[in-house]
2 protein chains.
Amino acid sequence: MDFTFAQRVKDLKGSAIRESFKALSRPGMISFAGGMPDPSTYPVEEINTIANEIFSETPITALQYGITEGYAPLIEQTRKRLSNAKIGSEDDSLIITSGGQQAIELITKALINEGDGIACEVPSFIGALNAFRSYNARLYSVPVEDDGMNIDILDKTLSENKNIKFIYTIPTFQNPSGITMSLEKRKQLLDVAKRHNVLILEDNPYGELRFAGKDVPTLKSLDNDGIVMYVGSYSKILAPGLRVGFLLAQKDIVEKAVVCKQVSDVHTGVLSQMIVSKYLEKYDINEQIKKSANLNGKKCALMLKFIDKYFPSDVSRTSPEGGLFLWCDLGRDIDSIEFAAKCVEKNVAIVSGASAMPDTSKKTSTFRLNFSMASEEKLELGIKTIGDVIRSYGR
Amino acid sequence: MDFTFAQRVKDLKGSAIRESFKALSRPGMISFAGGMPDPSTYPVEEINTIANEIFSETPITALQYGITEGYAPLIEQTRKRLSNAKIGSEDDSLIITSGGQQAIELITKALINEGDGIACEVPSFIGALNAFRSYNARLYSVPVEDDGMNIDILDKTLSENKNIKFIYTIPTFQNPSGITMSLEKRKQLLDVAKRHNVLILEDNPYGELRFAGKDVPTLKSLDNDGIVMYVGSYSKILAPGLRVGFLLAQKDIVEKAVVCKQVSDVHTGVLSQMIVSKYLEKYDINEQIKKSANLNGKKCALMLKFIDKYFPSDVSRTSPEGGLFLWCDLGRDIDSIEFAAKCVEKNVAIVSGASAMPDTSKKTSTFRLNFSMASEEKLELGIKTIGDVIRSYGR
């Protein structure tokens, strides 16, 4: 039987990050590769209590088909949380998705014809980049600086490429860099997007996980023209295995996303949605977020301390004020794919910066470190080991 | 802000069936429109026990990210169940999907370029048809007869349209017709597909829900050449709200489906997968299926009895031996979309045959009835009401 795969996915490869999960089962492996919260923060007792209640009070609702838009009480609760942060207007609607990833995929499917362009941060989130690639979008690179996207380059890129349909950004505690876009740049970004008549996809799974510094308003809360499509998730603030995220955007975009979701998975698992909804009803999720962010902050500080102790001084690194990741640059002619493989040999998993590049043809000496998962002890051993690998290259 | 939707989804409409769910909340509405098992068959107690066990024994596994392929024990259990029915070989692999719908969407995304063709049964399942449309596939119509697809027309269609990439069929207790393809036609179908070098997508969510007649082997169990991609689901035999289905196909197709699923929803909710897995481990799902199928059979017999009592004798109907649906044809020049609307006015929801047509430009006088959901009392009232609506057209 001869057959060929569709053009759009012929060359699509699995995420190197998710592939690395398979190596993580090796005994003694220290992982700075994942992107999940510390599991010790999951509210296990509470969720167990909730599940019990659901099965004694409304089991049929949890097991029966639901509507594609999502579980109505969860939609309302999510809109209320967003509205407290001044996110969303009467012109918007919200759909519950199977994680934030699905929201990104639905938007791409709904908006991108083959050859249409998407302006992406360099570095950016591989899951989104691969979703874009899976519809044969052209990715245009816009560098991220210490205070976010280089707006001049973005402006120039949009001027030169009229096929660009939207700008993809993770403005707060960016994955993978940990960088937060300044308020000034946010305003500039909105202006530039408006001037060029392109939409913005704001991906904000980490925004509430701040452990230092001051809140910066989301792009969506600064948007008076309905140009921002806002993706959020309960994965990083409650539990990722439940697969509950959402898309808030102008009504016609959400309506089209609903039609696309209907043919994709009909609706997000109802039990998962009800668990999140009951959690929001019965417990204080802001307390849960604070607890989780504080732990992340403690671990981040430790990781930075060990980096400064064990890495050669010419290795640069970011200083996140929240989220789950920081970003290093070896600053030398070292290919980070090979470098990451050497670290895995020494039982430390990291993510090569190569997977975060919209343009995969460029070599990079960068890599991503997750600071939320490893224990304090392993944090030191892991960073020391990476330091040894760096030194093994000599000067 | 000006923007246009992508060509592939510009004209895509929501499923009429799912839209009709919104009317179902009207008091007194009798629904023959849905496609779900009778909720009284859901093993609520068992699932509650299981959820408790999961949260006391392995809560972190349930709440943490999982791998894209699916929860390993569930993959193994599903393969074992399939293997007991002689489905699948060493050359196949299996991915857990977010319902059978997702398996269909992933296959389409992986295989169909714009303008590629898919041979579809007439009538067929709207969820699949819309998934195909959402990638701009061309749909080719092959009529379903009392013993399944017309194989001569299929053969001719494949000869004349070399762009056809696969044949989509629900051979057992078809949605919407309730018809089962004969063994002879299954063998012919495999021969024709092989001769024309096209794949087959066998969608089998209802196959185990037999209440009369004798089992017919699945296409996949008759396939020695790896040309059948097999989609199954726990939705109709356990609980649809959990969104757990699967795709079994040759390894390279499943590998590509994994890459596509990674960018779609990362993985299916782990808690849902663990619930299904534990259910398979601790309870006898075949008993559960038998109980559910028996109830369906009883209700189907009742519905047929009432149809024969209340419908004019020139209305034809199928006689399913399993599944959830039967199919009627008014056999007159009545547009079934208008007819379905009149039934809804009289508080009975049915599904117009129009939504089941690969070619939406053709009018049809057919409609689908679900017999699993309504109570015995409502079955009689609902069918009697539909009979009155038919008679209101006069002769």
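Before going on, a word on the model: it is predicted, so local features need pLDDT of at least 70 and side-chain atom pairs count only at pLDDT 80 or more, while totals for chains, interfaces and linings use all residues. Residues are numbered from 1 along each chain as its sequence is written, and chains are lettered from A and ligands numbered from 1 in the order in which they are written.

Now to where the copies meet. Chain A gives 68 residues to the contact and chain B gives 68 residues, two residues being in contact if their C-beta atoms, placed from the backbone, lie within 7 Å. On the side of chain A that touches chain B, the helices that each supply at least two residues include H1 (7-10), H3, H6 (99-111) and H12. Helices here are DSSP runs of H or I with at least four residues, and strands are E runs of at least two, numbered from the N terminus. By class, that side has 36 nonpolar, 23 polar and 9 charged residues. Ala, Val, Leu, Ile, Met, Phe, Trp, Tyr, Cys and Pro count as nonpolar, Asp, Glu, Lys and Arg as charged, and the others, Gly among them, as polar. Since 100% of the interface residues of chain A are also interface residues in chain B, the copies meet through the same surface.

Two of those helices also pack together within chain A. The axes of H3 (residues 44-57) and H12 (residues 270-282) of chain A come within 9 Å and cross at roughly 115°; axes are lines fitted to C-alpha atoms, for helices over the stretch in contact, and angles run from 0 to 180 degrees between N-to-C directions. That makes H3(A) roughly perpendicular to H12(A), a label for angles of 65 to 115 degrees, with under 35 roughly parallel, over 145 roughly antiparallel and the rest oblique. Among the residues making this contact are A:Ile47 and A:Ile50 of H3(A), and A:Leu271 and A:Met274 of H12(A). The contact comprises 8 nonpolar, no polar and 4 charged residues.

For another pairing, turn to chain B, where H6 (residues 99-111) and H7 (residues 126-133) pack at about 25° with axes 9 Å apart. That makes H6(B) roughly parallel to H7(B).
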